[in-house]
Amino acid sequence: MLRDELKGELVLPSDPGYQLAKQLQNTEYDSVTPYGVAYCASPQDVLACVRHARETGIAAHVRGAGHSFNGWSTGTGLVIDLSRMNRAAVDGPNVRIGAGIQSLDALDALKPHGRQIITGTFPTVGQGGFLSGGGLGWQTRKFGVASDHIVSAQVVLADGRTVRASADEHPDLFWALRGGGGGNFGIVTQFELRPVDAPRLTGFETLWSFRDAADVLAAWQSWAVEESEDLGTSLVVLPGIFGPGGEPIVKVWGVHHGASEELERALDALTDRAGVKPVHREVSAPGAYADVMHEALCGSKTVQQCHRTGTHPDAVGHRHPYTRQAYRLTGRAVTRTEAESLLQAWDPGLDDERYLLCIALGGAANRVGRTETAYVHREAQFLTGFQMATRDAAAAAQGPAGLDAWADRCGAALAPLATGSYINFPSSRTQAGWETDHYGENAARLREIKQAYDPDGFFRHGRSIDSGRKRGQQTTKAGR
Ligand SMILES: Cc1cc2nc3c(=O)[nH]c(=O)nc-3n(C[C@H](O)[C@H](O)[C@H](O)COP(=O)(O)OP(=O)(O)OC[C@H]3O[C@@H](n4cnc5c(N)ncnc54)[C@H](O)[C@@H]3O)c2cc1C
């Protein structure tokens, strides 16, 4: 019995906690009913789950914090959940984190030690999935892709071995784990990371009238790549439901790693470039890295409140509704005409909840060679894309054609600018040639490594690396 083998907890469909246990961040996947959810407490638990899935012939779905846009961490088989493997500790010059730790918890745990690691810009994203796919955020321009900072990883393999992957041990696997995408080569239980030196930060937020959106988008992109690498920034076009007076609004926000006078100067330069003034501009007092990141990710919520509702007694963090998205990596700042066509695709005429989001990249991330790690996108300057959401999940599930058509239109608008796609921000639709789009010339080596470490395709999801040979997996009720 799997349950008896685990130090953690196995939640089955008949158990009271099952509805919560099977949730991902996105409500769309609430309709998926896994065979069971195993909350692993140790690498031994993970190993027991792998063995159990192999012996019973059920599929295994590796889950960190469940933020996969396309639901790749769930399915009808056994969800191997790492969320309770969430400790962070200092180890000499490096830090060790459990692979299931969420960004906000990692920031909080390392704060008393004065250590900083790179996270994304959403509080509850799991570091396991984030690092496996690359890891992009406001530290990318100054310090690089988060996975460039992995020193080693403890991994449970499909054949039941537990190995350490580093520059000297299983170097191919180590290469693949840095950008090759989660749920492919094994289950990482712990990462050893080289921290970044970012003791202090300053946060900022500006809001701009939607009337000026094309000017602001074009100005922001050229500004973001030409400013100092101390600047980490995103831009989002928000729909009327979030804007003042029901009007859409453009938000530019982020953090600065240098002196606050430099940030004030940079924000003046953005205004000059855009040729219009923001309707709101706020620069926070400089503070400790963890505090400023917490404020940016969680606002005034406590660490406990900032978690997804239901996962802690105090948690009030929201979930994401049924969503379709089109995201690409782009290699240069857009012209004003291109900015206009992106805004046209976003479609000011619609009322729906939808976003045009860009994160500025480049800088240190692009000083690493394309084949040095599996993360190939070393000339990308922006992650740019669109998301449309509906709160009426049942209606959307029955008739998602409208959302799909919108995402396709947005994908078509992005295509002329695209240099590739980031596996952690995958478009909803799987296009022919997706492997090259996500991995470029590294795709062939990733397939070889998959063949070496998981020849049967035990780890698989909607866009996993193909080992060339897949076993027939079934869901059975045997031996829970
Ligand atoms: C609201 C939101 C905001 C985001 N913001 C950012 C951002 O700022 N920057 C950024 O780079 N990305 C961002 N992402 C994308 C995010 O990095 C990916 O979705 C990431 O894969 C999520 O990891 P997870 O553990 O939360 O998700 P999960 O759904 O649990 O896992 C995602 C994938 O990784 C696999 N996986 C998870 N843990 C492991 C592990 N330990 N070993 C092996 N495979 C594993 C899963 O099988 C699955 O295929 C965001 C996503 C969302 C939904």
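What share of the contacts in the protein chain with a separation of 6 or more is accounted for by residues 24 or more positions apart? In this predicted model, such residues account for 72% of those contacts. The overall build of the chain is described below, followed by a visit to several individual places.

The protein chain contains 15 helices and 18 strands. Its C-alpha trace spans about 65 × 55 × 45 Å along the principal axes. A compact globule of 480 residues would have a radius of gyration near 23 Å, and because the protein chain has 22 Å, the two agree. Of these 480 residues, 59% count as buried.

Helix α10, residues 289-298, is mostly covered, with 7 of its 10 residues buried. The buried residues are Y289, A290, V292, M293, H294, L297 and C298. What do the buried residues of α10 pack against? Their partners are helix α4 together with the strands β10 (200-209), β12 (249-256) and β14 (287-288). Just after α10 comes G299, which takes a positive phi of about 60 degrees.

Is T124 buried or exposed? Its relative accessibility is 5%, and since buried means under 20%, T124 counts as buried. The side chain of T124 is joined to that of H67 by a polar contact of 2.9 Å. H67 is also one of the residues that T124 contacts when neighbours within four places in sequence are left aside; the others are Q25, A65, Q102, L104, C306, H307 and R308.

Which side chain does the side chain of D230 meet in a polar contact? The partner is K142, at 2.8 Å. Not counting residues up to four places away in sequence, D230 touches K142, V255, H256, H257 and G258.

Once neighbours within four places in sequence are set aside, H438 is in contact with V376, H377, S421, Y422, I423, P426 and R463. With R463 there is also a polar contact between side chains, at 3.2 Å.

G402 is found in helix α13, residues 401-414. Its relative accessible area is 48%, a value between the limits of 20% and 50%, so G402 is partly exposed. G402 and R460 are 58 residues apart in sequence, and in space the distance from C-alpha to C-alpha is 29 Å.

Finally, the backbone deserves a look at two loop residues. H170 is not a glycine, yet it has a positive phi of about 45 degrees. This residue is found in the loop between β8 (162-166) and α7 (171-177), and at 25% relative accessibility H170 counts as partly exposed. D347 is likewise a residue other than glycine with a positive phi, here near 75 degrees. Where does D347 lie? It is in the loop between α11 (336-346) and β16 (353-360).

Terms used:
Residues are numbered from 1 along each chain as its sequence is written. This is a predicted model: local features need pLDDT of at least 70, side-chain atom pairs count only at pLDDT 80 or more; totals for chains, interfaces and linings use all residues. Side-chain values use heavy atoms; hydrogens and water are left out. Helices (H or I, at least four residues) and strands (E, at least two) are DSSP runs, numbered from the N terminus. The radius of gyration is taken over C-alpha atoms; the globule rule is 2.2 Å times the number of residues to the power 0.38. Buried means under 20% relative accessible area, exposed over 50%, partly exposed in between (1.4 Å probe, protein chains only). Contact means heavy atoms within 4.5 Å. A polar contact is a pair of N or O atoms within 3.5 Å; within protein, one must be able to donate a hydrogen and the other to accept it, and residues adjacent in sequence count only if both atoms are side-chain atoms.
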